[in-house]
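Hi everyone, thanks for coming. I'd like to walk you through one structure today, so please have a look at the screen.

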Amino acid sequence: MNPQWQAQIQQAYRDFLAGRGAKARRGQAHMIADIAKSFAAITEDDEGRRTSQQQLIAIEAGTGTGKTLAYLLATLPIAQAREKKLVVATATIALQEQLLLRDLPDLAKLTSIKFTYALAKGRGRYVCTAQLIKALDKNQPEEDETLDLFQAELMKQTSSSGQDRLEKLAEDLSSGAWDGDRDALKENLPNEVWERLTTDHQRCTNRRCPYFTGACPFFNARRAMEQADLIVANHDLVLADLALGGGVILPPPEQTYYVFDEAHHLPDKAINHFAANFRFNAALNWLRLLKKSQPEVLKKLGATSPTAASLLKQLNAPLEVLERDLGALYSQLYELVETLPRDSSPAVHRWPKGVLSPNLQAFSEQLVIHFATLCRILESLVNLLKEAQDPEKNSSIDAELAGEWQPLLAVLHTRSQSAHQLWMLCAQQDPPNQAPLARWLVRHSLSEGDEDLELCASPVTAAGDLAYRLWSRCYGATLTSATLTALGKFDRLRQRAGLTAGTPCKTYESPFNYPELGVFEVPKQACDPSQAEAHTDAILDYMQEYLDHPEVAALVLFSSRRQMNEVYDGLATQLRKITLTQDMLSKNRLIEKHRQRIDEEKPSIIFGLASLAEGIDMPGKYLTHVVIVRLPFSTPDDPVDATLAEWIEASGGNPFMQISVPDASIRLVQACGRLIRTEQDIGRVTLLDRRILTKRYGSQLLNSLPPFRREIN
């Protein structure tokens with residue numbers, strides 16, 4: 001490593017520790033050294049392009065290691081020296097806030113590293129000044145045929161009180177009291193109102209907009225981001241940027257060091273991001289609206305532009321075919337779900353191994369062609385209308401008229417692109433010897449007895465997409481989390497995230513003395529959850545015996561909402577009074593209420609589902625007992641997991657041992673991790689699932705847990 005970089009990092013670490021009055025942590029120091037060596041070893045050509053093939057490192061750092069400081073100190077000086085950007089991507093808002101409000105300000109204050117940082121958000125989090133001004137324009141006619149395109153979905157009329165709110169927003173924006181960021185609003189703004197006030201990359205006219213220079217909140221934030229050394233983002237924004245080609249929202253991957261904190265979420269985020277879906281009746285509605293409005297659009301726009309007239313006339317053919325074919329296909333597909341039970345859950349039909357019938361495959365191939373035609377026409381129209389709003393262009397279309405129609409047609413273009421993506425995934429043949437796509441159909445029950453069918457397609461692994469779109473292009477990347485290993489190995493991460501066999505993977509144990517701080521118990525009440533009624537009775541019995549006391553501060557984690565509600569309903573009156581369930585309040589309000597009770601020296605119990613098994617921080621007195629009612633295996637009816645399991649089994653593998661057990665191990669460690677958050681915490685983790693003692697995989701799960709003192713009955 002360059003001696004100057006090494007000296008700068010070491011001095012910054014000493015300064016930070018001195019400023020905090022803290023001692024060096026062994027795991028933290030090793031993590032700094034390993035990341036710095038990994039990133040410093042990357043070679044580049046004269047133009048700053050990476051030439052080395054080893055640019056990734058994965059590090060599991062146990063709770064209390066101090067991984068945030070480690071990756072910031074290790075990466076920032078090297079990124080600056082090489083004139084690269086550093087993007088720190090998290091999975092949760094809580095960690096973003098910790099970085100922006102505590103970690104980065106402390107790093108700037110306590111060390112000699114001079115750097116700037118900014119938060120990156122998608123365009124939809126910022127108000128569009130043009131849309132806000134348009135919403136305030138009282139001279140707009142109340143009825144306008146153009147609004148029929150979306151049944152006023154984007155342009156809903158507001159009440160007088162809503163109009164007052166918009167006027168206040170505009171006043172605050174112009175005075176500088178508000179920067180246009182939705183998250184900075186003191187009062188919540190309903191989604192239906194906000195959707196009128198924001199935009200996306202299709203509807204935005206960029207430099208052609210009169211508010212582009214200085215008065216656009218998104219581009220103001222974008223300019224600040226472009227000047228920053230370090231950019232805080234989330235996983236979804238990084239993936240969205242990659243889907244657009246990279247370098248559109250965030251800096252180009254080739255010139256960027258990435259740190260993916262909470263990296264165990266990245267593969268699932270990527271799977272969701274590269275999946276697609278299509279609702280038949282919803283699509284038929286907007287296709288018919290476009291068809292119905294086409295004569296009016298032609299009359300208004302085609303009158304002065306032969307190009308627009310030609311494009312609008314070309315819409316007739318694909319709209320006719322799509323309406324006919326989608327209607328016919330809906331009737332055929334409905335037969336697949338018609339006999340499925342009508343209960344509170346959507347009915348799902350999954351194609352085994354993701355293989356569609358020959359008829360549906362042929363239909364998909366034709367729909368790809370027709371939606372591609374529709375996308376091409378709409379994109380040309382949108383570009384034509386954007387150009388008409390550019391004062392430097394000599395367009396025959398009136399700029400004001402173009403400004404009225406362009407956002408509406410842009411939304412249709414976006415919807416057409418989404419539909420095209422789904423039918424592409426349905427039409428393509430899965431390559432042999434590779435994991436197939438999952439494909440399934442969902443019947444949704446809507447209001448007033450209406451129904452809709454939703455066709456979905458998704459990769460079952462993100463490995464290929466991440467390897468191709470991200471790892472092969474980025475200058476360097478660190479993946480880190482407290483839970484990257486499964487059953488003590490990185491095999492599952494390599495498989496899911498597309499890491500090569502040569503990617504260095506390191507583990508640093510938590511500095512906490514777990515045997516002294518906590519107990520892991522399997523009590524006498526624990527039983528096999530396959531006996532559902534007996535298991536629910538066992539949970540109630542345990543709670544009555546051990547949680548009914550005035551100092552209880554407990555989190556009870558369920559795998560099933562139904563069982564959570566059954567247990568709550570079965571609680572004795574006194575226990576029910578002190579118990580809060582995740583269905584009662586939002587996650588933040590739930591934790592706030594729990595903390596308030598504990599501060600008032602009152603007992604409090606939280607009933608939660610999987611989302612409360614990680615990412616919540618209740619140290620000390622706020623949480624002294626975590627109860628896990630059953631081993632957190634994923635639901636067997638998930639279409640993506642089921643398709644992947646079929647493929648593994650067909651390839652001669654064991655999906656339960658290769659997927660279900662490792663994934664359950666990660667979730668179990670995360671759930672146990674809610675208990676000990678600081679070196680002063682003490683408490684107990686209880687598992688009410690005896691399978692960890694009776695099944696052959698149980699010892700593997702036990703050995704992957706933090707080394708609590710054990711009490712097994």
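This is a predicted model: local features need pLDDT of at least 70, side-chain atom pairs count only at pLDDT 80 or more; totals for chains, interfaces and linings use all residues.

Residues are numbered from 1 along each chain as its sequence is written, and side-chain values use heavy atoms, with hydrogens and water left out.

Back to the charges. Searching the whole structure gives 32 salt bridges. One of them joins Arg-492 to Asp-663, with the closest N and O atoms 2.8 Å apart. This pair links distant parts of the chain, since Arg-492 sits in helix H17 (residues 491-497) and Asp-663 in helix H24, 171 residues apart. Helices here are DSSP runs of H or I with at least four residues, strands are runs of E with at least two, and both are numbered from the N terminus.

Are the two partners buried or exposed? Arg-492 is buried, at a relative accessible area of 10%, and Asp-663 is buried as well, at 14%. Buried means under 20% relative accessible area, exposed means over 50%, and partly exposed is in between, using a 1.4 Å probe and protein chains only.

Now take Glu-600 and Lys-602, whose side chains form a salt bridge at 3.2 Å, N to O. Glu-600 is partly exposed at 40% relative accessibility, and Lys-602 is partly exposed too, at 45%. Then there is Arg-691 with Asp-689, where the closest N and O atoms are 2.7 Å apart; both of these residues are buried.

On to the sheet. Seven strands make an open sheet with parallel pairing, in the order S14-S15-S13-S16-S17-S12-S18. Strands S14 (579-581) and S18 (709-712) stand at the edges with a single partner strand each, so one side of each has no neighbour in the sheet. From one strand to the next, the twist averages 15 degrees. Pairing requires at least two bridges found by DSSP between two strands. S16 (residues 625-628) and S17 (residues 683-687), for instance, pair in the parallel sense over 4 bridges, and Ile-628 stands opposite Leu-687 in S17.

Which strands does helix H24 lie across? H24 (residues 655-672) lies across S12 (518-522), S13 (553-557), S16 and S17, at about 155 degrees to S16. Helix H20 (residues 561-570) lies across S14 and S15 (604-608), at about 150 degrees to S15. Axes are lines fitted to C-alpha atoms, for helices over the stretch in contact (heavy atoms within 4.5 Å), and angles run from 0 to 180 degrees between N-to-C directions.

Finally, a helix pair. The axes of H14 (residues 358-388) and H15 (residues 399-427) come within 7 Å and cross at roughly 160 degrees. That makes H14 roughly antiparallel to H15, because angles under 35 degrees count as roughly parallel, over 145 as roughly antiparallel, 65 to 115 as roughly perpendicular and the rest as oblique. Their crossing is left-handed, meaning that the near helix is turned anticlockwise from the far one by less than a right angle; clockwise would be right-handed.

Technical notes
A salt bridge is a side-chain nitrogen of Lys or Arg within 4 Å of a carboxyl oxygen of Asp or Glu.
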